[in-house]
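Subject: Structure handover

Dear colleague,

Here is the structure for your files. My notes follow below it.

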Number of protein chains: 4
Amino acid sequence: MTQNDRRYVITFACPDRTGIVARISTFLAEEGGWIVEAAYHTDPDTDWFCTRQEVRADSLPYDIDELRRRFLPVARQLAGAADWRITDTGERKRVVILVSREGHCLYDLLGRVASGELDVTVSAVIGNHADLGEITRAHGIPFHHVPFPAGDPDGKAAAFAQLRQVVDTHDPQAIVLARFMQVLPAELCAAWTHRAINIHHSFLPSFVGARPYHQAHQRGVKLIGATCHYVTAELDAGPIIEQDVIRVDHGDSIADMVRKGRDIEKVVLARGLRWHLENRILLHGNKTVVF
Amino acid sequence: MTQNDRRYVITFACPDRTGIVARISTFLAEEGGWIVEAAYHTDPDTDWFCTRQEVRADSLPYDIDELRRRFLPVARQLAGAADWRITDTGERKRVVILVSREGHCLYDLLGRVASGELDVTVSAVIGNHADLGEITRAHGIPFHHVPFPAGDPDGKAAAFAQLRQVVDTHDPQAIVLARFMQVLPAELCAAWTHRAINIHHSFLPSFVGARPYHQAHQRGVKLIGATCHYVTAELDAGPIIEQDVIRVDHGDSIADMVRKGRDIEKVVLARGLRWHLENRILLHGNKTVVF
Amino acid sequence: MTQNDRRYVITFACPDRTGIVARISTFLAEEGGWIVEAAYHTDPDTDWFCTRQEVRADSLPYDIDELRRRFLPVARQLAGAADWRITDTGERKRVVILVSREGHCLYDLLGRVASGELDVTVSAVIGNHADLGEITRAHGIPFHHVPFPAGDPDGKAAAFAQLRQVVDTHDPQAIVLARFMQVLPAELCAAWTHRAINIHHSFLPSFVGARPYHQAHQRGVKLIGATCHYVTAELDAGPIIEQDVIRVDHGDSIADMVRKGRDIEKVVLARGLRWHLENRILLHGNKTVVF
Amino acid sequence: MTQNDRRYVITFACPDRTGIVARISTFLAEEGGWIVEAAYHTDPDTDWFCTRQEVRADSLPYDIDELRRRFLPVARQLAGAADWRITDTGERKRVVILVSREGHCLYDLLGRVASGELDVTVSAVIGNHADLGEITRAHGIPFHHVPFPAGDPDGKAAAFAQLRQVVDTHDPQAIVLARFMQVLPAELCAAWTHRAINIHHSFLPSFVGARPYHQAHQRGVKLIGATCHYVTAELDAGPIIEQDVIRVDHGDSIADMVRKGRDIEKVVLARGLRWHLENRILLHGNKTVVF
């Protein structure tokens, strides 16, 4: 990233009323901020307004903390309850990846990082099995094996505590469940709200829960899909970030569906993670706005 | 259709074993039958074999009834319980279309018929509202208005009896529910097994039942879909013939979804109906094989 | 359309600099304008900025002419050369459709108009063959048959003059070449700049010119497409508005490609026409920005 | 692969006539061969027939060489010029991958091999740059750096000779040009006919040659694509195996197109390679039949 690619990203949401865009854009113009990308959305059902703006960092004569200080009265004026953030694309993001045995999503993410496409630090990979340790370490990334004893609630709770401890050490901007086969307990969902991202191997809300390709095969659908969503306490019911599908037919066995579906899982997860890290996703109720 | 485009279509299904293809193809070769298209499928879970073969009608020195007579011992030999049909692409198919108020699927089908793309006779259109009578008659097709009184079970039963009477008069190869908003009673589903085709405006099994676009909007999905399926007694649970999807985003209102979804509904229904009329669809349990 | 669905649509383009968004949105805020939808784009290669804003008509205490008068100094201040328009969604748009013999695009558009999905007046349909007159008149739309004599340049010029006269009588916002098989002469392209929309039955720039499905079949592509574009003097080279594709395989004959391609042509043309009429398309060089 | 997953794959092509299917399937039935999958195609323009049949290896009481011996008279009888092959899915296929600096396709293929999805031996990776050596060796695969001196025809010829020597040592079933930026000389194209597979980063025949994403951006297309094809002496003109596309819009820079396009390149190449190795692709003129 060259210096003039560095941007401050402002996301802002509040009840809709006349003049919000003018207030924000006038503030930015007065500060000399060069808006590179801007998007707006108003939810007509709830009259909830939100926006995302990218400003060239080098167009402002001060740093991000000063920008936040100066923006604060604008945000207050527009709405006491306004929800806003300003992030810096020059800050390298940290990601922790949770895996089990199936490696395709991990391989895909590591390849994207290694080739520079995904410009993040993978702080750690945590597996409830050890299978994916070798490839992780080959990429120079620490791998933590945290076994989850089946049928042992106390053991599981201890494992989750250990997992949480490793994750929280890195204070990551994203915790990616890359085909991690354990259901996060409610307190972890709460602790990692809007940071924990899951890839589910079906076109939700179809085929919630276990073995979705088996369910899809059983129902005889003609397309299978994958869904990237934020993790919430209710299984596979969190806000959907991205989905895609691929065609199957009567000749496809469950194994074929698993194989074809992987290509969709990988790309849907990668897109969702990118948008999350670029601060493109605003939550509104149980839905996402993806700018 | 020129004479040498005319074909006999054989569909055949039986328990799998060695030699079925050889038996059928040898029979056809001995008769001089020129196979233009052939497809096979074996379901590995149930060891159920099925095939579809298109033979040039002018390659056989006799008519379809003679072909059926000669094929009978082959079918018997392969399996007492063999399920088979031979149809003639030269026989013009009859279709009855059931509609309500939403016209997009009807307009689409009538346009396909008028332009010669769909080479069928639409014997009748039946509406529980009168709205689509005019366009139907403009295409020279009889329109029957059969009102369904809301909240009057006896009235509904009488309406269905009248509907059935009109449909059965034409003995159609396909009864198309082109956004017909009434749920067929079980006895009609049974009477029209493998002939009644519905278009449901969601990607089943997501969003069964009423107002699927509202359900999709509520859930915040990123793709909406449509499903063409055979009608069975359980609502929206029949064998799926075809599905497709289209992308939506947070900016799409329910009205936008309805509008975008129509383009998918039309094309999914048209494809499903074509395959049905070309005798390309075999049923196996609650699933379809589409050759 | 209810009164509060009525909107004024502002499109505006000028060289990029700091403060444009602020100036426009402050103007709108001061006038009390309620922005319902806003989009921005800057072309980084040419530093060309453009925007589209939808404002609720009932949020302004005056009419569209007054809005234009008041906006003029803003536009002037931002750039002498600024390119801008303000249109009214409450003004019913007029469309003239040019056809030949292939009716699928015409049937599709007429169906969309009849069902209320496309809320426009089709002022006239002009065909160089008479085939599609009957369906046009069944929709209550005037049909003009203007024959184009093959191999007779003078006759062709006369036909185009007649065509132009019919079109210009209606002063339409869009002239749709719905599989019209004649190449528009340069002077008509010029006269109808940014108003004449063509559907080409290939994924441009592949397969320019005649018989693109034949070319596609010959090359053995695995997807076929359709392209909606503005008509310019160079054949099939105008700014692309929308494209889509559909899968084909070795089993598809040219006739199959023609049939499958139609479904893409129809939907691509309908989308492009809708966006054009909603004033969503800005031209920049030979490219479009579709807001 | 368990023993009863092992299959013999017969591909066969000859001029079409009545009785071919019967002859082949009768032969297989008489030998006791259990057909697991069968597909047929006749090209109506050239009356060229072809088929692919998968037979369970354990259904035959002898080995593949004996099967070839016994099939030979059948092939001869059907047509002297018949083109046929019998391959064994139990034989592990060898692949050599040619790369330059862009690693996404290589990462993707190595991930598929490592996770067991693609059950092949990558015998070697050859790069005209050394960049991708480390990841290759991390997967336990030999990496050969063969520099191609720019502007030095003799040096290039020597490099190609060295490349050929490395490739031919392994006698691979597939030579994959995974974004290898050198144009193969005609004699290598000839030597590796129907074995050298390229991924081109456009939807061919659009944007042949260098920098297709730049060309696509310049033309303003609304979808970008990728094409997997067999390498022939004419650049980017070989038989197309598979293609796919992804949507872009005016907001996408060339860099965005490059990034989005990668996801299509990876999956299109992986599909094409799989089909090739499964002996699913028959060549007919400059086109492929993909069974």
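**Sheet in chain C**

Chain C holds an open sheet of 7 strands with mixed pairing, in the order E7-E6-E5-E8-E9-E10-E11. Strands (E, at least two residues) and helices (H or I, at least four residues) are DSSP runs numbered from the N terminus, and two strands pair if DSSP finds at least two bridges between them. Strand E7 (143–145) and strand E11 (240–247) of chain C are the edge strands, each pairing on one side only.

This is a predicted model, in which local features need pLDDT of at least 70, side-chain atom pairs count only at pLDDT 80 or more, and totals for chains, interfaces and linings use all residues. Residues are numbered from 1 along each chain as its sequence is written, chains are lettered from A and ligands numbered from 1 in the order in which they are written, and side-chain values use heavy atoms, with hydrogens and water left out.

Strand E10 (residues 223–230) of chain C runs antiparallel to E11(C), and 7 bridges join the two. In this pair, C:Gly225 stands opposite C:Val245 of E11(C).

**C:Thr136**

C:Thr136 is in helix H4 (residues 133–138) of chain C. C:Thr136 has a relative accessible area of 0% and is therefore buried (under 20% relative accessible area, with a 1.4 Å probe and protein chains only). Beyond its neighbours within four places in sequence, C:Thr136 is in contact (heavy atoms within 4.5 Å) with C:Leu106, C:Leu110, C:Val125, C:Ile141, C:Pro142 and C:Phe143. A polar atom of the C:Thr136 side chain lies 2.7 Å from the backbone oxygen of C:Leu132.

Regards

Definitions and conventions:
Buried means under 20% relative accessible area, exposed over 50%, partly exposed in between (1.4 Å probe, protein chains only). A polar contact is a pair of N or O atoms within 3.5 Å; within protein, one must be able to donate a hydrogen and the other to accept it, and residues adjacent in sequence count only if both atoms are side-chain atoms.
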